[in-house]
Amino acid sequence: MKELSQNLSKAPKSKIRELFDIALGRSDVISLGIGQPDFPTPEPAIRGTIEALRKGVTAYAPTRGLPELLELIENKLRKVNNIETNWKESIIVTNGGSQALCLAYASLFNPGDELILFSPNFLSYFYIASFFGVKIVEIERNSDFSPNLEKLKKAITEKTKAIIINSPNNPTGYAFSSKELNEIVDIVNENDMFIISDEVYENYLYDGLKHLSPASFNGMINRTITTNAMSKLFSATGFRLGYAVASKEIIDLMEKFHQYTVAGTNHAAQYGFIEALKMDIKFFEKILKSFDERRNLVYDRLKNMGFDVVKPRGAFYIMPSLKKFNMTGSEFSSEIMKKKGVAIIPGETFGSFSNYMVRISYATAIDKIKEAMDRIEEFFKEL
Ligand SMILES: Cc1ncc(COP(=O)(O)O)c(C=O)c1O
């Protein structure tokens, strides 16, 4: 038979899936691998979706999304992100943050273009690139996970089209300072680049840090694609709803790709997203406090066990190093699963510079986190 797609064959099977396969059928496993919050989806989102279905909203939705939803997103962008935009031409509703990223790649790149990212970083950035023939250029982060801006400047070539950033970040928990973001924006401007800003964790920031969107910076609106989703703020990963914000030219291209590949997003669920966006954001304060407690607990426990670990500033992940224990992330992840039933993602999943790290998600109940930390401590005592 003829060869199947090389682009798809090249992408490895997700390590996260492999771990879940091992965990299958074991009731004792505690997962610190998950990338979704553990609180229930707020009631208005559920009610909005169900009521829409009851009213017979089962046909195709408008390709770019429901006007009422687009308008609410425009208002949110103005109020929360300081981004001035027009819903009629600059926003598209997508199947989660993932498809917003896919549309960003589809509209920006030609095969052979280079896309820069700080590594480690979110795994999909690498594989979507391979699907579109885009070359990823990884810039190793500093040891505290801050961006190395000198290396960034040196990595820019004729072929560099864009940089993709994600602050707060999965997997490192790093969030840019305003100085860092300003410097990145200057580099982007000086080199005629685009910036893809994945802001799905914008609400998960600790210690009073404030989120900044590059699209709100002077002159950046046409150089920036901002992507976001309903998934993390509303604990609604299964709704598969998100959005992309960009110039009219880019959104027009996105619309074509969207039309011919997915023909829109779930119609009824968009009514759920509408109700969620109408909610007072205060509902999230208690949730953030609880995530902050988990962050402190995990950080303190890992530190006490002797890990080299950076305290996350945002999102719900922490990425300790195992170099001191002379163990790769893969070795640790597979041993801790086999011996102690704790699922943790090996660092190599997130790029070329994190082989000696693992990613721990603390988006799980605090008593489970405590138990998992006890098991990790026992594991090292028994070594
Ligand atoms: C950094 C980052 N971007 C995008 C996504 C995708 O979000 P969604 O579930 O809305 O597709 C995730 C999911 O974990 C993520 O961590």
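**Pockets, domains and backbone**

Colleague: Which domains contribute to the lining of the largest pocket?

Modeller: The lining of the largest pocket takes at least three residues from each of domain 1 (6-41 + 283-382) and domain 2 (43-278); these domain bounds come from an automatic or database domain assignment. Before we proceed, note that this is a predicted model, in which local features need pLDDT of at least 70 and side-chain atom pairs count only at pLDDT 80 or more, while totals for chains, interfaces and linings use all residues. Residues are numbered from 1 along each chain as its sequence is written, and side-chain values use heavy atoms, with hydrogens and water left out.

Colleague: How is a pocket located, and what is the volume of the largest pocket?

Modeller: Rolling a probe the size of a water molecule over the atoms shows where empty space is left. On a 1 Å grid over the protein atoms alone, a pocket is an open set of points with protein on both sides within 12 Å along at least five of seven lines, whereas a cavity is a set where a 1.4 Å probe fits but cannot get out; lining residues have an atom within 4 Å of a point. Grid points are joined across faces, edges and corners, and a volume is the space filled by probe spheres set on the points. Here the largest pocket holds about 940 Å³. Its lining comprises 38 residues, with Ile16, Ser98, Phe122, Leu123 and Ser124 nearest the centre.

Colleague: Which helix gives the most to that lining?

Modeller: Helices (H or I, at least four residues) and strands (E, at least two) are DSSP runs, numbered from the N terminus. Helix α7 gives the most to the lining of the largest pocket, namely six residues. At least two residues each come from α2 (15-23), α6 (96-108) and α7 (123-131). By class, the lining has 17 nonpolar, 13 polar and eight charged residues; Ala, Val, Leu, Ile, Met, Phe, Trp, Tyr, Cys and Pro count as nonpolar, Asp, Glu, Lys and Arg as charged, and the others, Gly among them, as polar.

Colleague: Where does the second largest pocket lie?

Modeller: The second largest pocket lies between domain 1 and domain 2, because both give residues to its lining. Its volume is about 760 Å³. It is lined by 30 residues, and Lys76, Val80, Asn203, Leu233 and Ile281 are the closest to its centre. Helix α4 provides the largest share of this lining, six residues. The lining residues are 17 nonpolar, six polar and seven charged.

Colleague: How many salt bridges does the whole structure contain?

Modeller: Side chains of opposite charge can pair when their charged atoms come close. With a salt bridge defined as a side-chain nitrogen of Lys or Arg within 4 Å of a carboxyl oxygen of Asp or Glu, the whole structure contains 26. The count between domain 1 and domain 2 is one. In another part of the listing, Arg294 pairs with Asp38, their closest N and O atoms being 3.1 Å apart.

Modeller: Most residues other than glycine have a negative phi, and most peptide bonds are trans. The bond from Ser119 to Pro120 is cis, with omega near 5°, and Pro120 is placed in the loop between β3 (114-119) and α7. A cis bond also joins Asn170 and Pro171, with omega about 20°; Pro171 is in the loop between β5 (160-165) and α9 (178-190). Asp192, although not a glycine, has a positive phi of about 50°.

Colleague: What is the volume of the largest cavity?

Modeller: The largest cavity has a volume of about 110 Å³. Among its 13 lining residues, Ser167, Phe176, Leu181, His211 and Leu212 are the closest to its centre.
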